[in-house]
Amino acid sequence: MRSRCKGAMSSLASSFSSLLRNRESLQRLATFSNALHSGGIWKRTLPRQPGTRSPPYGLAAGGITCHRCPQNAEAPISTSASVMGQDVTGWLWSIYDETKKKTEDLIPVILSNAVNPDTIFANNEMSLQDIEIYGFDYDYTLAFYSSRLHTLIFSIARDILVQEHRYPEGLKEYDYIPEFVIRGLHYDVQKALLMKIDAFHYIQLGTVYRGLHPVPDKEVIAMYEGSHVPLEIMSDFYGKSSHGHTMKQFMDIFSLPEMTLLSCVNDYFMKHNIDYEPVHLYKDVKEAIGDVHVKGILYRAVEADIEKYICYGEQTHAVLRKLSENGKKMFLITNSPFDFVDRGMNYIVGKDWRDLFDVVIVQADKPGFFNDRRKPFRRVTDKGVLLWDRIHKLEKGKIYKQGNLYEFLRLTGWRGSKVLYFGDHIYSDLADLTLKHGWRTGAIIPELRKEIKIMNTEEYVHTMTWLQGLTGLVERMQVHRDPASQAVVQEWIKERESIRSQTKDIFNSQFGSLFRTYHNPTYFSRRLSRFADIYMASLSCLLNYDLHHTFFPRRNPLQHESPFWPELGGAGTVDVPVQVLGKSPPQ
C-alpha cells in the first residue's frame, strides 16, 4: 500500500515538475487565451464604411495584429496588412484558418499537463491541520459497490411493480441499462420527462427524455414556454418533489436504477399506447425502489454475496488507519442498518473496525437527523436488540440508532470547523452541516475519476480547444453585419453547435457531463460548489496528502476579469498535487 501511495505522490509531483518545465508554453497559452476572450487577438482590417460606428472589443481599423503578445506586438495573423479590395469572405476564412492553427499548437501543452484523477479539489480554503474529528457516511463513502448492485435494485423494483402494483408482465422484458442516465438529473413528475438543468434553471436542450427517447427541442420549448424552469416548480431544498414542486432531482447514486426504471416503464406505456397518469407512475416506482431498501431485500442480497457487490476497500482501510494513527477522532453516521454495515465493514476493514470509530450511529434517517430534535438516541446490541435506557453519553465500541445532530453535538462537543464530514449525497449528507452547523464538508463523487480521464484524452482536448477558439471567433467577428460576413459567421455557429453536441456525447450520449450543461455548470455542480468545501473521487485521495495540508481553491476569474493570473506560471517550490491550469471544463 505504501508503495502505491508513493507512486501516486510521485506521479503528482512529476505532473507539477512538467508544469514548471512548460512554463514558457503555459505563458503562451495564457497570453493567447487572454487575447481570445478579451478581444485583443485581432485588429480589424476591413475599411469602415461611412456612417458606421467603430466596432467594440478594441477592433480598430488597421493591420491584423496579436497586440497582446509582448514579445511580438505586431505579429500578423493574416498574411495581408489590409483587405482593401479583397474578398470579405476570404478574409474571414483566413482568420478562421489562422485561429485553428494557433489553437492546435496549444494541444501538446495542455496534454502534457493532464489533471490527476486522484487530486482533491477545493471549493473553499481548508486546512487539514485544523481538523480534529472526521465523520463518514457509509454507502458510497466508506463502501463502494459494483455496477451489479444497480442491476439488482432495478430488477427487484421492476418485479415489485408487476407483482404488487399489478403493472403489465411485459415490463419484465426490460433490463437495467448501465450507461443510460447520470446523477443530478431532474424529473418532471407531471409531464414524465427526465432532463438536465443548469445552475440558472435552464433546460439543456437535447437532454430531455420521455421514456427511452429524446423529446424534440421545439416540443420542449412549447411545453415550458421556453427552456427556463421557474423557481416555484423546481425541486425543494433536498431535491424532492413536494409542496407543489413538480420537479424531483435525483442526487443519490442509488437513484440511477430508479431513473432507469421510470424511463423503461414510460417507454413500455408509450409503445403500447397505454393511457396512464404520470404522477401515479412516479409514486409507484418511488415506492417500489423504497421497498427494496426499507424491507431489507437489498441488504439481505448483498450480505448473502458480499464479494459480488462490494468493491474491496483496501485504500479505505488505509485512510482510516492513517487518521487513527495520527490521533484523529472518527465517527460514522449512516442510514443503513447495523447488520448490513457490520458485514460490509468486516469485509472492507476487518473485525476490529469498530475500534477505529469513537461513535457509530446507524439508521440515522438523514437528512431528518440534522434537523429533527425530537428523536433520541437508542442503543443497539450486537444482535440487533433495542435497549430502552436513556443515553447520557456516546461511548466508543457501542452502536446507536436514530437520534439527532443537536443531541450529538451536546454529548460530544464536536462543533464547528474542527469537524470534517464526508458523504456522497450533496443534500442529505452535506447541506445542513455546512449551512447550519459550520462543519467542514467533503463530497465523494465517484464519477469524477471517469470524467477527468476523459478530459485528459487527446480527443477531448482537441475538441474543446477548438471549440473555445471558434467561440471566440464568433464573438468577435459578429460585428461585421454585411450579408457575406454574416453567412460565414452562421457557418461557424453551426459548426460550434455540432462540436458542442460532440463534447456532450463524449461523456454520456444522452445527458453529457455530470458537471456541465455545455458552458454553464449543472444544477448539481452549483450545489456541489456551495455545500462541499472539498470534493474528490474517493476517500483514497486523502492518502496523497499529509494531515497538515491546506487546500486552496483556484481563483476562478469573474467574467470581467482576465482569465489567467501571474501565479499560474510561478508556483515556486510547492511540491504538492496541482490542479492544472485552466483545463476547459466538460460540456
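**Rings across the chain**

Hi everyone, let me start with a group of rings: Tyr134, Phe136, Trp353, Phe357 and Phe422 are linked into a cluster by ring pairs. Please keep in mind that this is a predicted model.

Take Tyr96 and Trp466, an edge-to-face pair with 5.2 Å centre to centre and 90° between the planes. Tyr96 belongs to helix α3, residues 88-111, while Trp466 belongs to helix α15, residues 458-477, so this pair ties together parts that are 370 residues apart in sequence. And are these two buried or exposed? Tyr96 and Trp466 are both buried.

Next come Tyr209 and Phe511, whose rings form a tilted pair, 5.1 Å centre to centre with 50° between the planes. Here, too, distant parts of the chain are linked: Tyr209 is in strand β7, residues 209-210, and Phe511 is in the loop between α16 and β17, 302 residues away. Both of these residues are buried as well.

Rings also meet charges here. The charged end of Lys191 sits over the ring of Tyr224, 4.9 Å from its centre. Likewise, Arg500 places its charged end over the ring of Tyr518, at 4.1 Å from the ring centre.

Now let's step back to the whole chain. You can count 17 helices and 20 strands, and 54% of the 587 residues are buried. Of the contacts with a separation of 6 or more, 75% are between residues 24 or more positions apart. As for the surface, the chain exposes about 26,600 Å², with carbon and sulfur atoms supplying 49% of it.

Definitions and conventions: Residues are numbered from 1 along each chain as its sequence is written. This is a predicted model: local features need pLDDT of at least 70, side-chain atom pairs count only at pLDDT 80 or more; totals for chains, interfaces and linings use all residues. Side-chain values use heavy atoms; hydrogens and water are left out. Helices (H or I, at least four residues) and strands (E, at least two) are DSSP runs, numbered from the N terminus. Buried means under 20% relative accessible area, exposed over 50%, partly exposed in between (1.4 Å probe, protein chains only). Contact means heavy atoms within 4.5 Å. Accessible areas come from the Shrake-Rupley method with a 1.4 Å probe; for residues, only the protein chains shown count as cover. Rings of Phe, Tyr and Trp (its six-membered ring) pair if their centres lie within 6.5 Å; planes under 30 degrees apart count as stacked, over 60 as edge-to-face and the rest as tilted. A charge sits over a ring if NZ of Lys or CZ of Arg is within 6 Å of the ring centre and within 35 degrees of the ring normal.
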